[in-house]
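Visitor: I'd like to learn how to read a protein model, feature by feature. Can you walk me through one?

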Amino acid sequence: MANAAGLDAFKEIHEEKAKKDGKTVKIGIIGTGWIAESHVECYKEMDDVEIVALADLVPGKAKEFAEKFGLENARIYDSDEALIAAEKDLDGVSICTYNCQHAPCAIHALDAGINVMLEKPFTVTLDEAIEVMRAEKRSGKILTIGFQPRMSENMKMIKKIVQSGELGKVYYLQSGGGRRRGIPTPFGTTFIEKETGGIGAVGDIGSYSLDMLLGAVGYPKPLTVSGYTSAFFGKDPGYYPGHPEYAEKFGVDDFAAGFVRLEGDIILDFRISWAMNMDTPGDAIILGTKGGLRIPSTDCWNGEFDKPLKIYKTVCGEEIVYEVPLKPTKNLFLEKLRAFVDAIQEGGKPTVPSSEIVFNQAIIDGIVRSAACGKEIAIDIPEV
Ligand SMILES: NC(=O)c1ccc[n+]([C@@H]2O[C@H](COP(=O)([O-])OP(=O)(O)OC[C@H]3O[C@@H](n4cnc5c(N)ncnc54)[C@H](O)[C@@H]3O)[C@@H](O)[C@H]2O)c1
């Protein structure tokens, strides 16, 4: 998270703004699990935000959460629907549920006229994403998807380099990164069960990796995909010391790969992993007719790298490699939620719009469907 000086500067700017605007934004939190903690910690940094309501399906969980975070005045509900039905004065909700509940919760909130910050991945299937977008259109409210790496100056630099034309015409994207051992079960099994997570590594960290590359090249539409998924580690009882029963519950993928044709004659070579016998499947790379960009693999799917970007060009016949120095990281989570609150206050646009992320979801959905039928499939994205 942000360093103290950065946080102070951030607070000063926004306290000033809050005083000027004089409007408190009322927020509800749907799902009070692990990631809801980061939402609440960030909203609590904002003087112009009040967390007025919390909901969780697990009895007692939202109340316990309220006590832990000093939110005793927040009203407590046992489902998203109960919260939305009772709270008539909400400006926005953070939807922090496991993936399978993203679509229903977002549709309920949008249909009630509430602005939505929806955690990533957008949804589990493309059909769900389309239904959420239809609700967004009906409501005219803000829907933004929770990809905080978008707020990173280093991520923005990748996009700037591509959009500047420095690389020429981009024709090939290769995703990088992935975990050697990192199936997310620190707080239970909601990520790995089909009924709650719905999809595994392909959606969980694959969606970040896709957002980084597709965002840089302007989110071209996916046309076809040949996908593969596996679950050799997730289904192995030996993977989970002390919890061999998790293997039985594992119903998603722990590794995925895909070969995707994108509009504009661009190829995406995608791979992601929660677990594999390798440190990394390589760096992310973007190849263009005038230059190439190497993005270090380290956690680059999550908005961070520890080494500079490298640009490869031929200058006066010489093969040159430039390094793009790393910029300091900010509190990306705080920035993403602040952008949501600003958009509510100012009637602005979502930072991470569904019109882009529907292509991200279409690729994830395509990989899963192609893997299931064992052949390349065409991607058909219905009109909203
Ligand atoms: N942006 C990030 O950095 C980041 C990091 C981690 C997780 N996430 C995303 O956040 C989401 C939640 O992850 P988590 O680790 O907090 O999961 P979690 O399982 O710890 O918490 C989810 C909570 O939502 C509750 N819930 C589900 N449906 C509900 C409903 N209809 N109404 C009320 N409560 C409901 C569950 O009971 C659970 O307590 C996932 O989609 C995940 O991909 C994002």
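Guide: Let's go through the domains, the ligand shell, a helix pair and the core. Keep in mind that this is a predicted model.

Visitor: Into which domains is the protein divided?

Guide: There's domain 1 (4–148 + 332–353) and domain 2 (149–328 + 362–378). Their C-alpha centres lie 26 Å apart.

Visitor: How many residues of each domain are in contact with the other?

Guide: A general idea to begin with: interface size is often quoted as the accessible area lost when the parts come together. Here we count residues instead: 17 from domain 1 are in contact with 20 from domain 2. On the domain 1 side, helix H11 (residues 332–346) gives the most, with three residues. That side of domain 1 divides into nine nonpolar, five polar and three charged residues.

Visitor: On to the ligand. Which residues are closest to it?

Guide: Look at Gly-31, Gly-33, Trp-34, Gln-101 and Thr-190; they are the closest of the 27 residues that surround the ligand.

Visitor: How about a helix pair? At what angle do the axes of H7 and H9 cross?

Guide: Roughly 35°, with the axes of helix H7 (residues 153–163) and helix H9 (residues 206–216) coming within 8 Å. If you want to find the contact on screen, H7 brings Met-155, Ile-158, Lys-159 and Val-162, and H9 brings Met-212, Gly-215 and Ala-216. Sorted by class, that contact has five nonpolar residues, one polar and one charged.

Visitor: And the core? Which residues have the most contacts inside the largest one?

Guide: The general idea is that in soluble globular proteins, nonpolar side chains tend to be buried together. In this model the largest nonpolar core has 113 residues, and those with the most contacts inside it are Leu-54, Ile-95, Ala-106, Ala-109, Val-116 and Leu-213. Helix H12 (residues 354–373) provides the largest share of this core, nine residues. Both domain 1 and domain 2 contribute at least three residues to the core.

Visitor: Let's zoom in on one. What does Val-116 touch?

Guide: Leaving out residues up to four places away in sequence, Val-116 touches Gly-92, Val-93, Ile-95, Ala-106, Ala-109, Leu-110, Lys-141, Ile-142 and Leu-143.

Methods
Residues numbered from 1 in each chain as written. Predicted model: local features only at pLDDT ≥ 70, side-chain atom pairs only at ≥ 80, totals over all residues. Near = placed C-beta within 6 Å. Axes fitted to C-alpha atoms, helices over the stretch in contact; angles between N-to-C directions. Helix = DSSP H or I, 4+ residues; strand = E, 2+ residues; numbered from the N terminus. Contact = placed C-beta atoms within 7 Å. Nonpolar A, V, L, I, M, F, W, Y, C, P; charged D, E, K, R; others polar. Domains from an automatic or database assignment. Core = buried A, V, L, I, M, F, W, Y, C linked by C-beta atoms within 7 Å. Buried ≥ 20, exposed ≤ 12 C-beta atoms within 10 Å, placed from the backbone.
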